[in-house]
Amino acid sequence: YFSLDVYFFSDRKIKILKGRFGADGITYYLYLLCEIYKGHGYYLDVDEDFDYISSSELGMSPEKIGQMRKFLLERSLFDNKRFGNKLFQSDTILTFTGIQRRFQLAVKSRATKNPIVVNAKFWLLSNEETQSFIKVQPFLNNSKKNGSYSEKNPCNSENYDTKKSKVKKIKE
């Protein structure tokens, strides 16, 4: 579930999208919003296969899907004027401040018991705009920077004898 403003079709950006791509543009935009809200809730990671999947699901060509996404980014229906299209260009992430505001409203009741943790790298709202129940966590990618902890800790298995009952008996 996500809220949809009753003035959705009155928005100038939506009118331009419909004028440029017809109902396909509106369908694609709503499809992206559904993917965002049903996934992480506040952003969508667009991998290399996303255009083919959405093309198949919507019955549109991958080229048209790419054109519509480019248009949505150019018209600031995703990302933010403050950030430009940098987030999409660097990480292929689709999000928008309006999406993140609606996300906060949607999770407010459950977040009062358990705070919602969001990735700082993809979070566009300022500290003033971010509700207190949203915890912005710095992006941590430890997989390459930090080696395996097993290399730092010695193996202790040599210090303990295996119990005889645990050793598999082989029948000859």
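Does serine 76 count as buried or exposed, and at what relative accessibility? Serine 76 counts as buried because its relative accessibility is 14%, where buried means under 20% relative accessible area, exposed over 50% and partly exposed in between, for a 1.4 Å probe and protein chains only. The structure is a predicted model, in which local features need pLDDT of at least 70 and side-chain atom pairs count only at pLDDT 80 or more, whereas totals for chains, interfaces and linings use all residues. Residues are numbered from 1 along each chain as its sequence is written, and side-chain values use heavy atoms, with hydrogens and water left out.

Serine 76 lies in the loop between α4 and α5 (86-91); helices (H or I, at least four residues) and strands (E, at least two) are DSSP runs numbered from the N terminus. The phi of serine 76 is near 60°, a positive value in a residue other than glycine. Most residues other than glycine have a negative phi.

Among the buried residues of α4 are Ile65, Met68, Phe71 and Leu72.

Leu72 also belongs to the largest nonpolar core, which has 26 residues. Such a core is a set of buried Ala, Val, Leu, Ile, Met, Phe, Trp, Tyr and Cys residues joined through side-chain atoms within 4.5 Å. The residues with the most contacts inside this core are Tyr28, Tyr29, Leu32, Leu72 and Phe78. Two or more residues each come from α1, α2 and α4, and α2 gives the most, with eight. A second, separate core of 13 residues includes Tyr42, Ile93, Leu125 and Ile134.

Leucine 32 touches Leu44, Phe50, Leu72, Phe78 and Leu94, not counting residues up to four places away in sequence; contact means heavy atoms within 4.5 Å. Leucine 94 is located in strand β2 (residues 93-94) and counts as buried because its relative accessibility is 0%. The C-alpha atoms of leucine 94 and leucine 32 are separated by 8.6 Å, although the two residues are 62 apart along the chain.
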